[in-house]
Amino acid sequence: MTSSHKPPALDVDRLIDDRRTRIIVCCGSGGVGKTTTAAAIGLRAAERGRHVVVLTVDPARRLAQSMGLSSLDNTPRLVPGIGPGRAGDNRGDDGGSLHAMMLDMKRTFDEIVEAHADPDRAAQILANPFYQSLSSSFAGTQEYMAMEKLGQLRRAQEWDLIIVDTPPSRSALDFLDAPQRLGRFLDGKLLRLLTAPAKFGGRAYMRVLNAGFGVVTGVLTKILGAQVLRDVQTFVAALDTMFGGFRERADYTYQLLRAPGTAFLVVAAPEPDALREASYFVERLARERMPLAGLLLNRVQRSPAARLSAARSQAAAETLQAAGSHPLAVTALRLHAERMQQVSAQRRLAEHFTAAHPIVPVAEIPAQPQDVHDLDGLRAIGQAFGG
Amino acid sequence: MRLHVVTGKGGTGKTTVAGALALALAAGGKRVLLMEMEGRQGIAQLFDVPPLPYEERKVAVAPSTMTGPGGDVYALVADPESALVEYLEMFYNLRHAGAALTKLGVMDFATTIAPGLRDVLLTGKAAEAVRRKTSGKSGGRVYDAVVMDAPPTGRIGRFLNVTSEVSGLARVGPIRGHADTVQNVIRSPDTAVHFVTVLEEMPVQEALDGIAELRSLAGGGIQVGGIIINMTRPLALPAGEVRAAADGALDEDELALGLKAAGLDDCRRLAGELAAELADDAKSALGQELQRARLDEPGQPCYDLPWISDGMDLGGLYRLAAALRDQGAA
């Protein structure tokens with residue numbers, strides 16, 4: 001029964017070699033190696049001739065260093081040492097390139113404001129305390145700005161493949177919701193209620209407004225205090241001219257994610273929590289009709305001696321132990337038994353996933369005994385999921 | 001210690017450790033509340049109970065000890081919307097405001113968009129539980145300890161530093177007042193933040209960065225507690241042989257003889273393969289040793305939790321709780 005369902009194989013090389021693939025979104029829960037995987041895909045694609053930019057949200061310095069950069073910032077930086085043909089398939093002289101950048105959400109937000117408002121108004125917005133909190137908060141802004149940046153990179157036309165590493169949200173689904181939530185807020189009833197008084201101007205506004213509005217502001221004043229409400233109102237009034245822009249951009253990015261040429265890769269580790277999140281994500285993508293390329297199962301334990309089962313290995317270790325001889329073989333057999341147990345536990349988890357999602361293609365990346373420190377480390381990962 | 005905040009990088013087993021710590025603290029007749037902050041129902045999975053609401057439910061009985069009978073672990077999932085409704089009810093008697101606010105998008109605004117508010121609402125619930133007294137005349141605390149399964153390390157500084165998060169938003173006013181009360185609980189000497197990690201480079205770096213961040217927060221006063229090293233495994237090889245194994249210098253002839261003596265086939269080839277597995281294991285053991293040394297830098301107590309090889313279940317959770325007690329973490 002266990003081998004009845006083998007998932008279709010996920011062919012990452014075919015995906016990155018296909019020039020029609022323009023955006024790859026890597027998603028998954030935190031701690032599964034998503035950022036490293038995104039970088040490895042980017043490197044492999046570049047060395048197979050694509051012009052790639054990797055957009056990450058993970059501030060891990062080690063990742064930057066493994067790509068030969070001292071740090072990453074909000075501008076794409078060229079990764080040195082990329083060699084065409086180093087990734088198996090020599091594609092001739094049209095060497096690819098790899099850029100990497102890390103999202104600075106406040107900077108990105110500031111740039112939108114500066115681009116959409118006249119200088120006076122922009123200055124007013126940037127100085128507003130509510131804006132400053134909003135633009136540097138994690139709750140939704142990071143997700144929104146990641147999508148915004150993706151739109152910018154796509155419009156720039158400088159790269160033919162963009163790889164996005166999504167924010168480490170509590171749930172991997174957040175990044176799909178957050179832009180809409182922020183968009184809904186910026187475009188919603190609440191905002192119109194809040195902007196209304198500022199348009200009427202001054203403190204007299206309360207009298208001209210209907211009772212329903214009075215109740216809402218009353219409650220908001222109770223919760224937030226009058227000063228907060230004033231800041232929000234000022235902010236919103238200043239932002240008024242930009243609404244069209246915000247909405248358009250949110251729509252544009254959402255459509256971009258559904259367009260042909262976009263592929264989602266769900267990254268997971270063979271652990272119950274990570275695979276549960278991966279399942280939710282697969283279901284959600286299907287509901288939104290977003291193009292799922294497949295599941296990358298990271299850190300999969302393997303054994304070169306899989307023909308020796310855990311039970312036989314354990315029994316052999318016990319035989320030797322009882323005889324009091326060959327301690328090295330006892331250690332090796334015990335370790336092997338443990339590893340085989342882990343192999344089969346992981347296999348079971350992967351099978352559960354495939355039973356629930358039989359049509360989702362899967363590729364595996366074997367566990368690496370050491371952390372990734374340089375381009376060669378990233379290449380090794382690329383080799384594992386590639387051909 | 002009355003409020004234990006448990007954080008860690010994703011994938012380090014933060015929720016499991018928070019659960020084990022709650023069990024360990026409840027042992028011997030104590031009453032402990034375990035709070036989940038991010039609505040993934042990880043605690044329900046862990047204790048094998050139905051999904052938890054925003055309401056305290058008993059999820060486990062802690063083991064009895066020499067000093068007292070078994071205690072009780074209660075749990076709840078704190079979500080910002082319910083916390084806001086409760087807050088409105090408690091302070092303003094606005095019981096039915098919730099539905100109207102949701103319709104207008106105020107809920108969205110207050111719980112997910114307005115920066116800091118969400119965190120004040122969540123930490124506020126923990127602060128309330130810590131301070132809650134029984135209604136009887138004795139007036140004792142309802143909970144001996146509260147354990148918070150907090151957001152991951154990358155966000156912990158912001159999450160706990162509520163006052164400054166909110167101060168950008170509210171310099172005065174009721175939310176500010178509430179934030180200040182919460183802050184007093186978080187910065188109290190009875191509160192500690194524990195960091196869960198595994199012995200890999202990235203999680204260790206995040207734990208060190210998180211500790212440094214908490215220490216550098218303006219005003220100080222947020223106490224770092226223990227570093228909990230999760231999923232540790234005993235060395236397969238004797239300590240003296242690890243280096244040689246990692247360098248691939250194991251005696252494969254001897255290994256092959258041993259396999260033959262155990263009655264296995266194809267011993268030459270098998271010896272080579274098993275030696276490769278030992279080398280992998282030795283390499284990762286050396287890497288782990290390096291990471292462990294780095295965890296000494298902050299000078300906080302470290303506690304080891306074993307890897308539960310047969311899959312995490314309730315039995316495993318009790319074993320982890322016992323390990324925490326044995327090492328004096330609870």
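Predicted model: local features only at pLDDT ≥ 70, side-chain atom pairs only at ≥ 80, totals over all residues.

1. Start with Arg289(A). This residue has a positive phi of about 55°, although it is not a glycine. To find it, look in the loop of chain A between α14 (272-287) and β7 (292-300). Is Arg289(A) buried or exposed? Arg289(A) has 8 C-beta neighbours inside 10 Å, and a residue with 12 or fewer counts as exposed, so Arg289(A) is exposed.

2. Now turn to chain B and Met231(B). Here too the residue is not a glycine, and its phi is positive, at about 55°. Met231(B) sits in a strand, β7 of chain B, which covers residues 224-232.

3. Next, look at two helices of chain A: α4 (residues 105-116) and α5 (residues 119-127). Their axes come within 8 Å and cross at roughly 150°. Angles over 145 degrees count as roughly antiparallel, and α4(A) and α5(A) are therefore roughly antiparallel to each other. The crossing of α4(A) past α5(A) is right-handed.

4. Which residues make this contact? From α4(A) come Asp110(A), Val113(A) and Glu114(A), while α5(A) brings Ala122(A), Ile125(A) and Leu126(A). Sorted by kind, the residues of this contact between α4(A) and α5(A) are four nonpolar and two charged, with no polar ones.

How values were computed. Residues numbered from 1 in each chain as written. Chains lettered and ligands numbered in written order. Helix = DSSP H or I, 4+ residues; strand = E, 2+ residues; numbered from the N terminus. Buried ≥ 20, exposed ≤ 12 C-beta atoms within 10 Å, placed from the backbone. Axes fitted to C-alpha atoms, helices over the stretch in contact; angles between N-to-C directions. Parallel < 35°, antiparallel > 145°, perpendicular 65-115°, else oblique. Left-handed = near helix turned anticlockwise from the far one by under 90°. Contact = placed C-beta atoms within 7 Å. Nonpolar A, V, L, I, M, F, W, Y, C, P; charged D, E, K, R; others polar.
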